[in-house]
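This briefing sets out selected features of one protein model. Please view the sequence and the structure before reading the points below.

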Amino acid sequence: MPAQRQSESSRPPGNVFLLSDFGTEDEFVGVVHAVIAARAPGTTVIDLTHHIPPFDVRAGSHTLVRAVPHLGPGVVVGVVDPGVGTVRRGIGLEVALPAGGTMYFVGPDNGLLVAAAEAVGEAPIAHAVELRRDPTPPDRGATFDGRDVFAPVAAALCTGIPLLHLGEGIEPESLVRLVGGVVEQGRLHDGRACLRVEVTWVDHFGNLQLAATVADARVAGIPPSGTIELAARVESGREYLDGLPHSLVPDGVLLRYVDAFGDLKQGEFGLLVDANGHLAVVAGEASAARWLNVVAGELLILAW
């Protein structure tokens, strides 16, 4: 008789999705690939990106939130870890996908993984463990957890070892969560309505993704057509860049509400709803971040 097919929920994941802030000049990415290949032959490792800004946990978290709806079952390994070598925990999360199958998240307990795990599962996290680690040899530092902890755990999961065999169960409520982006409604002194909103991400093209979603825009009453005014308040404490003053955006910059990048003339600024459901400040065939001198983490004022 033919062997009974393994159920979708119990079948070991065959894909590992790898994200880091390590870049591709050093050996980190190749070594992690090699560790997984040696311990779980046949596993496919897919590089999401290795160019998260160094130690920028929030940028890594936003990247995972954008990516995971399109990945399917597998193991997400995230290594954006300014606390490596400290007492911070390494964690593994198990999430049942609404369409079937399981997704695992492996990485540091610093807020990098939780939002993506909850978003893709469309529910609170059910199972979480603090990963066990082998003792560090006395002549080495514990600063390579991507290689020494997270890659071996991902490989073990891909060979069918249950997550709960790889660490001690912990309460999901104890996981570190990042503070959400700033989205505040209000009015300016001249009576106009405004939305004070954080820039959460600047993409490769210089588009500014805002913390506000299309739902936030509707609640605030942002008109879905015409123009609104963009201003800025310097509250991030960043240092001067290239001699530019801290006044980032002069009052009176107009954003035209558009449906697509191609609706803007070259160099014209616009506001659109991006593919992730967030408002984004963009520029026609140009980098909005460069021309407005804005980086992730800063606060903008949309007024109408």
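D259 is exposed, because its relative accessible area of 71% lies over the 50% cut-off. The residue sits in the loop that links β12 (253-257) to β13 (269-273). D259 and D274 are separated by 15 residues in sequence, and their C-alpha atoms lie 8.8 Å apart. The model is predicted, and the values below are computed from it.

**Overall make-up**

- The protein contains six helices and 15 strands.
- Of its 304 residues, 46% are buried.
- Its accessible surface is about 15,600 Å², and carbon and sulfur atoms supply 54% of that area.
- Among contacts with a separation of 6 or more, 67% are between residues 24 or more positions apart.

**The seven-stranded sheet**

- Seven strands form an open sheet with mixed pairing, in the order β2-β1-β3-β5-β4-β6-β7.
- Its edge strands are β2 (44-49) and β7 (167-169), each of which pairs on one side only.
- On average, neighbouring strands of this sheet are turned by 25° against each other, with direction ignored.
- Strand β4 (residues 90-96) runs antiparallel to β6, and four bridges join the two.
- L93 stands opposite A128, a residue of β6.
- Helix α4 lies across β1 (15-20), β3 (74-79), β4, β5 (102-108) and β6. The angle between α4 and β3 is about 175°.

**E130 in strand β6**

- E130 belongs to strand β6.
- Its relative accessible area is 34%, so E130 counts as partly exposed, between the limits of 20% and 50%.
- Leaving out neighbours within four places in sequence, E130 is in contact with R89, G90, G167, E168 and I170.
- The C-alpha atoms of E130 and G169 are 6.4 Å apart, although 39 residues separate the two in sequence.

- Where is D145 found? D145 is part of helix α4, which covers residues 145-158.
- With a relative accessible area of 3%, D145 is buried, because this value is under 20%.
- The side chain of D145 makes a polar contact of 2.5 Å with the side chain of R133.
- A polar contact of 2.7 Å also joins the side chains of D145 and R88.
- R88 is placed in the loop between β3 and β4.
- R88 has a relative accessible area of 15%, so R88 too is buried under the 20% limit.
- Apart from neighbours within four places in sequence, D145 is in contact with V84, R88, R133 and F150.
- With residues up to four places away not counted, R88 touches D81, G83, P108, D109, R133, D145 and F150.

**Positive phi in two loop residues**

- Most residues other than glycine have a negative phi.
- E122 has a positive phi, near 55°. The residue lies in the loop between α3 (114-121) and β6 (127-131).
- E122 is exposed, because its relative accessibility of 63% is over 50%.
- The phi of E285 is also positive, near 50°. Its place is the loop between β14 (278-283) and α6 (288-292).
- E285 is exposed as well, because its relative accessible area of 67% is over 50%.

**Cysteines**

- C158 counts as buried, because its relative accessibility of 11% is under 20%.
- C194 is buried too, with a relative accessible area of 9%.

Conventions:
Residues numbered from 1 in each chain as written. Predicted model: local features only at pLDDT ≥ 70, side-chain atom pairs only at ≥ 80, totals over all residues. Heavy atoms only, no water. Buried < 20%, exposed > 50% of the residue type's maximum accessible area, 1.4 Å probe, protein only. Polar contact = N/O pair within 3.5 Å; in protein donor to acceptor, adjacent residues only side chain to side chain. Contact = heavy atoms within 4.5 Å. Areas by Shrake-Rupley, 256 points an atom, 1.4 Å probe, with all protein chains shown as cover. Pairing = 2+ DSSP bridges. Axes fitted to C-alpha atoms, helices over the stretch in contact; angles between N-to-C directions.
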